[in-house]
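Here is a short briefing to read alongside the sequence and the structure. Keep both open, and let's walk through a few spots together.

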Amino acid sequence: MEDFVKATERRKVGQTGLEVTRLGMGCASLGGLYAPVDASTCLATLQAAWDLGLRYFDVAPMYGRGRSEHMLGHFLREQAASDDVAISTKVGRLMVQQRPGRELPPVREKNRLDSGWRNGLPFTEVFDYSYDAIMRSFDDSLQRLGRGGVDILFVHDIGKVTHGEVAEAHWTDLTDGGGFRALSELRDAGIIKGFGLGVNEAEIVLEAMDEVQLDCTLLAGRHTLLEQNANALMQRAVSDGMSIMIGGVFNSGILAARHGGRSKFDYQDAPESVIRKVEELEKVCLSFDVPLAAAAIQFPCRHEAVTSVLIGAKHPDRVRQNVGWFEQPIPDELWQALAEKELV
């Protein structure tokens with residue numbers, strides 16, 4: 001028996017009533033992550049996703065320091081059926097202009113999760129998870145997108161992986177400082193359909209679930225073919241009815257390196273231990289004549305908590321390739337072989 005999931009199949013997001021396609025388009029790459037992407041290529045990439053039936057788009061103020069939201073908004077305004085789309089963006093970072101006389105809080109470079117934006121907009125990111133900042137971030141995103149609303153807001157990169165010793169202060173802003181209250185008010189008023197966290201770490205999501213009702217979570221890199229470090233969260237998501245969207249299915253590129261991806265793991269050069277495990281995974285996949293990337297992009301959907309998988313292509317050909325991998329039939333025996341070798 002072979003698994004076969006259509007990229008355009010739709011699943012409900014928690015209890016929101018919103019539906020998203022099983023494969024969605026993540027727009028970080030269109031902000032110039034690792035390498036610049038010109039406007040015509042951005043629009044052509046989004047058009048390829050649209051033509052293939054993808055109707056879930058995820059973006060963030062961080063991506064290209066506002067550029068990705070501008071590009072996505074411009075693209076969607078030109079689509080006749082742009083109402084037939086689900087959009088998520090993020091809060092927690094404000095894009096401000098650095099100028100003489102304006103004091104900005106320091107951002108520790110070692111805590112950044114990206115390598116910089118090669119053709120981003122001329123703004124500086126300031127972390128702020130308070131009530132007022134959440135509301136301002138939401139308004140700013142609507143203006144960049146040129147839309148009257150979005151469907152989902154994710155609290156972006158809250159937790160120790162990003163913030164280190166200042167993580168507790170940001171968490172206090174989100175809890176005691178009213179950040180979660182702002183999101184709840186937007187949801188209760190019907191201005192957004194739902195909210196959750198968009199993070200690279202699972203533990204902070206469990207902590208948030210003890211504070212407030214989350215509709216969904218965008219989890220990057222922690223439930224992939226290469227590593228499954230979020231089992232407690234995945235189980236609780238099922239029991240609580242919270243949807244999981246999975247990003248970073250190639251773990252920053254290492255699982256698609258043979259097909260033009262970068263040999264990165266968690267946004268850094270992959271260590272030797274990771275490279276060896278990738279080689280073992282690929283050996284099993286090739287024995288079934290299945291590209292490693294196809295197994296990687298499909299693996300998260302095998303868990304019942306997962307509603308959608310996000311790809312981060314920056315060229316139309318990459319979008320088409322990702323859809324092909326997502327819809328390639330994979331025999332059950334491959335997954336069994338990986339489990340028997342304790343690779344998953």
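In this predicted model, strand β15, residues 306–311, is largely enclosed by the rest of the structure, because six of its six residues are buried. Helix α2 is likewise described as largely enclosed, since eight of its eleven residues are buried.

**Strand β15 and its partners**
- Strand β4 (residues 23–26) runs parallel to β15, and three bridges join the two.
- To find this pairing by eye, look for Gly24, which stands opposite Leu310 in β15.
- Strand β12 (residues 243–247) also pairs with β15 in the parallel sense, over three bridges.
- Here the residues to look for are Met245 and, opposite it in β15, Ser308.

**Helix α2 and what covers it**
- Helix α2 spans residues 67–77.
- Its buried residues are Arg67, Ser68, Glu69, Met71, Leu72, Gly73, Phe75 and Leu76.
- Each of these counts as buried because its relative accessible area is under 20%.

**Where α3 crosses α6**
- The axes of α3 and helix α6 (residues 179–188) come within 7 Å and cross at roughly 45 degrees.
- That angle is why α3 is called oblique to α6.
- The crossing of the two helices is right-handed.
- On the α3 side, the contact involves Tyr131, Ile134, Met135 and Phe138.
- On the α6 side, they meet Gly179, Arg181, Ala182, Leu183, Glu185 and Leu186.
- Sorted by type, the residues of this contact are seven nonpolar, one polar and two charged.

**Two residues with positive phi**
- Tyr34 is not a glycine, yet has a positive phi of about 70 degrees.
- You will find Tyr34 in the loop between β4 and α1.
- With a relative accessible area of 15%, Tyr34 is buried.
- Asp157, also a residue other than glycine, has a positive phi near 55 degrees.
- Asp157 is in the loop between β9 (152–156) and α4 (160–163).
- Asp157 is buried too, with a relative accessible area of 4%.

Methods
Residues are numbered from 1 along each chain as its sequence is written. This is a predicted model: local features need pLDDT of at least 70, side-chain atom pairs count only at pLDDT 80 or more; totals for chains, interfaces and linings use all residues. Side-chain values use heavy atoms; hydrogens and water are left out. Buried means under 20% relative accessible area, exposed over 50%, partly exposed in between (1.4 Å probe, protein chains only). Helices (H or I, at least four residues) and strands (E, at least two) are DSSP runs, numbered from the N terminus. Axes are lines fitted to C-alpha atoms, for helices over the stretch in contact, and angles run from 0 to 180 degrees between N-to-C directions. Angles under 35 degrees count as roughly parallel, over 145 as roughly antiparallel, 65 to 115 as roughly perpendicular and the rest as oblique. A crossing is left-handed if the near helix is turned anticlockwise from the far one by less than a right angle, and right-handed if clockwise. Contact means heavy atoms within 4.5 Å. Ala, Val, Leu, Ile, Met, Phe, Trp, Tyr, Cys and Pro count as nonpolar, Asp, Glu, Lys and Arg as charged, and the others, Gly among them, as polar. Two strands pair if DSSP finds at least two bridges between them.
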